[in-house]
Amino acid sequence: MFTKLLVANRGEIALRIIRACQELGVRSVAVYSDADAQAPHVREADEAVRIGPAPSSESYLKGDVIIEVAKRVGAQAIHPGYGFLSEREWFARAVREAGLVWVGPPAEAIAAMGSKTAARTLAISAGVPVVPGTAQGLTDAAEARTVAAKYGYPVLLKAAAGGGGKGMRIVRADGEMAAALDSARSEARKSFGDDAVYVEKYIEGPRHVEIQVLADSHGNCISLGERECSVQRRHQKMIEEAPSVAVTPELRKRMGDVAVAAAKAAGYVNAGTCEFLLDRDGNFYFLEMNTRIQVEHPVTELVTGLDLVQWQIRIASGEKLPFTEPLVPRGWAIECRITSEDPANGFLPSTGRIEHLHLPSGPGVRWDGGIEAGSEVGLFYDPMLAKLIVHAATREQAIARMHRALLELTIDGIETSREFHLRVMEHPDWQSGNISIQWLEQHLDAIATPQPPDDAVLAAAVAAALIAERDRSARGGVSTTAASSAAPSSSPAAATGGDAWRRAGLLDGLR
Amino acid sequence: MKYIVQVGSRRVDVVLDADGIVVDGTRVSAHAADVQGSPVRLVTIGDAVHRVVARRTGARGQYVLRMDGWRFDVEALDERSRTIRDASAASSAAKGPAPLMAPMPGLIVRVNVQPGDEVVPGQGLVVMEAMKMENELKAASAGTVVKVLAIPGTAVEKGALLVELR
């Protein structure tokens with residue numbers, strides 16, 4: 001095992017890695033930008049080194065500086081976390097060439113999985129199913145119909161030069177093909193100056209299901225089961241869970257085998273994730289492989305009982321996996337990403353100081369966060385502040401537990417995604433598991449700006465009037481009514497926490 | 001004291017008097033107390049306890065209230081202040097729709113309107129990038145674009161004037 005490890009990241013994941021180091025008896029070295037000089041990850045580490053000003057391009061993305069720091073402080077390994085430099089092939093290579101250990105897959109595996117096209121080619125050669133599609137443009141509707149017959153309807157026409165939905169048409173039957181192809185072509189020509197259109201199988205209402213794999217450097221590679229991450233907004237995951245309601249033990253085994261095959265084809269070592277689309281009939285299609293630890297790794301940790309970050313470090317130090325069979329998930333885990341976004345205001349980023357933070361606790365609740373009371377939330381870094389994760393025996397219990405934990409969570413000073421998550425937990429579609437990757441976008445307005453129930457509105461009106469009255473008397477105006485100080489005098493709140501006016505009177509009496 | 005409380009789009013009359021509280025004509029017992037060392041207040045209505053965090057937002061009486069897992073924009077004003085504020089709101093509404101301002105510092109990515117365009121509430125006017133995410137800034141009310149000050153590719157501060165409407 002290493003004696004000292006450098007953590008090339010910030011926020012919650014840096015803290016997560018430092019905690020793993022502490023439990024493994026490895027000294028941890030934090031790096032930080034000027035914006036993070038007092039951040040929790042800096043304080044919890046054994047050593048901390050400043051690497052530059054706040055913008056990540058001048059600090060957390062400075063690979064050469066980070067490697068220099070690692071050599072100077074005598075760290076033997078670098079853990080990149082997620083984001084920043086974690087999937088940069090050149091950085092993984094530079095770390096190795098500097099004589100340090102990279103806590104992650106070999107640079108060659110990152111390269112093999114780096115681009116979607118390279119990963120798709122590799123996956124096909126390893127027998128991994130991908131979304132069927134023609135690579136080159138179609139000549140006419142007759143050819144399109146032949147291809148569609150092969151894949152089965154519905155199919156998707158896509159502009160070869162395209163993006164952003166332009167030149168894209170869903171075709172559900174032979175009869176629609178000619179007209180759809182014409183309009184896709186003309187739109188593609190207008191948008192991209194190129195009317196080449198190809199066909200892909202259209203996956204209707206798919207779920208995002210991914211498989212966590214763990215591979216050691218001794219040739220063992222196992223699947224740790226699936227996570228479902230279908231609750232997404234603009235391709236950003238908001239909520240993740242393990243296992244998935246749509247995955248049977250038989251499907252779990254098939255998907256796990258395929259993920260292991262893809263990892264082995266890439267010469268993979270360490271923790272990695274294969275992402276798939278899963279259709280309603282249980283067919284799955286490889287999307288890409290993420291060659292790093294993922295944000296949502298805790299849900300897998302909770303249902304497998306494994307510490308994935310510790311295993312990343314153990315594997316990097318040469319340890320062998322003690323198990324060779326896939327693990328069976330135990331219970332249900334859900335994660336909500338707590339972000340500094342304002343759901344009531346189009347998810348605009350919210351900035352400011354966290355004035356108060358009360359964390360949920362009690363049975364089955366885990367908080368992986370990088371914030372605390374006093375933290376400044378700015379615009380330099382990712383808006384994800386923390387992850388709230390729960391574990392329970394069943395999905396139903398896990399949802400109730402998450403709802404309870406979200407109610408306990410109190411963040412004052414900035415807007416966060418807390419209320420958004422509460423509304424999702426209350427939604428019947430989510431509760432029944434009847435969701436797809438389009439579900440959130442289709443219900444976003446009702447979830448982000450919901451209509452509160454009448455009794456809650458009335459209670460809020462009473463609270464607002466009481467608080468306005470207290471603020472009024474605190475400003476020095478004479479309270480004209482008794483209601484704002486109507487606590488029974490036997491109540492301890494009246495003596496210690498009563499309104500400012502009454503407190504002032506008490507203090508006067510004590511003088 | 002009578003408060004007229006605006007909660008979202010709804011107005012509720014709350015009268016505080018010596019015997020307690022009357023909400024929309026119904027008498028209830030209610031009380032608020034601070035939790036020491038935190039911004040949390042305990043609001044008791046009848047026997048029900050509510051944990052409330054109120055943050056002053058703009059003018060006097062305006063708060064964001066977090067209560068029972070809901071977030072409310074509220075404005076609690078006495079009758080006189082309510083009348084004054086309604087009158088000034090009516091006069092500023094008569095002056096036309098509010099201009100679009102940058103809600104945070106960031107980079108202008110796209111401008112989707114030009115002078116003369118008619119816009120409807122909720123229509124995206126400008127796309128800004130902040131925290132690596134693109135954010136669409138929408139029109140709060142209907143109007144006609146008078147002037148576009150946002151220039152794609154430039155950085156703006158919070159509060160910068162982006163689009164003037166009439």
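How many residues of chain A are in contact with chain B, and how many residues of chain B take part? In this predicted model, 43 residues of chain A are in contact with 53 residues of chain B. On chain A, the elements that each supply at least two residues of the side touching chain B are β16 (348–349), α12 (395–408), β22 (410–412), α13 (418–426), α16 (454–474) and α17 (492–497). Of the elements of chain A, α16(A) gives the most to this side, with 15 residues. By class, the residues of the side of chain A that touches chain B divide into 27 nonpolar, 10 polar and six charged.

One residue on the chain B side of this contact is B:Pro39, which is in contact with A:Glu355, A:His356 and A:Asp412 of chain A, and with B:Val53 of chain B, when neighbours within four places in sequence are left aside. B:Pro39 is placed in the loop between β5 (30–34) and β6 (40–45) of chain B. With 17 other C-beta atoms within 10 Å, B:Pro39 counts as partly exposed. The C-alpha atom of B:Pro39 is separated by 8.6 Å from that of B:Arg55, a residue 16 positions away along the chain.

Chain A as a whole has 18 helices and 22 strands. The C-alpha trace of chain A spans about 90 × 60 × 45 Å along its principal axes. Of the 511 residues of chain A, 49% count as buried. Among the contacts in chain A with a separation of 6 or more, 64% are accounted for by residues 24 or more positions apart.

An open sheet of chain A is formed by eight strands in the order β13-β12-β9-β10-β11-β14-β21-β19, with antiparallel pairing. Its edge strands are β13 (284–290) and β19 (365–369) of chain A, each of which pairs on one side only. Neighbouring strands of the sheet are turned against each other by 25 degrees on average, direction ignored. Helix α12(A) packs on this sheet and touches β14 (332–339), β19 and β21 (384–392) of chain A. The direction of α12(A) makes about 140 degrees with that of β21(A). Helix α12(A) is also one of the elements that supply at least two residues of the side of chain A that touches chain B.

Helix α4 (residues 89–97) and helix α5 (residues 107–114) of chain A pack with their axes 8 Å apart, at an angle of about 175 degrees. At that angle, α4(A) is therefore roughly antiparallel to α5(A). The contact is made by A:Glu89, A:Ala92, A:Arg93 and A:Arg96 of α4(A), together with A:Ala107, A:Ile110, A:Ala111 and A:Gly114 of α5(A). These residues comprise four nonpolar, one polar and three charged. Helix α10 (residues 297–304) of chain A is mostly covered, with eight of its eight residues buried. The buried residues of α10(A) include A:His297, A:Glu301 and A:Thr304. Just after α10(A), A:Gly305 takes a positive phi of about 80 degrees.

In chain B, the domain assignment gives domain 1 (2–94) and domain 2 (100–165). The C-alpha centres of these two domains of chain B lie 32 Å apart.

Four strands of chain B form an open sheet in the order β10-β17-β15-β12, and the pairing is antiparallel. Strands β10 (100–101) and β12 (118–119) of chain B stand at the edges with a single partner strand each, so one side of each is left without a neighbour in the sheet. The partner of β12(B) considered here is strand β15 (residues 143–148) of chain B, and the two pair in the antiparallel sense over two bridges. Within β15(B), B:Thr144 is the bridge partner of B:Glu118.

Strand β11 (residues 106–111) of chain B runs antiparallel to strand β16 (residues 155–156) of chain B, joined to it by two bridges. In β16(B), B:Val156 is the bridge partner of B:Gly106. Four bridges join β11(B) to strand β13 (residues 124–130) of chain B, again antiparallel. There B:Leu107 stands opposite B:Glu129 of β13(B).

Methods:
Residues are numbered from 1 along each chain as its sequence is written. Chains are lettered from A and ligands numbered from 1 in the order in which they are written. This is a predicted model: local features need pLDDT of at least 70, side-chain atom pairs count only at pLDDT 80 or more; totals for chains, interfaces and linings use all residues. Two residues are in contact if their C-beta atoms, placed from the backbone, lie within 7 Å. Ala, Val, Leu, Ile, Met, Phe, Trp, Tyr, Cys and Pro count as nonpolar, Asp, Glu, Lys and Arg as charged, and the others, Gly among them, as polar. Axes are lines fitted to C-alpha atoms, for helices over the stretch in contact, and angles run from 0 to 180 degrees between N-to-C directions. Angles under 35 degrees count as roughly parallel, over 145 as roughly antiparallel, 65 to 115 as roughly perpendicular and the rest as oblique. Two strands pair if DSSP finds at least two bridges between them. Domain bounds come from an automatic or database domain assignment. A residue is buried if 20 or more other C-beta atoms lie within 10 Å of its own, exposed if 12 or fewer, and partly exposed in between; C-beta atoms are placed from the backbone.
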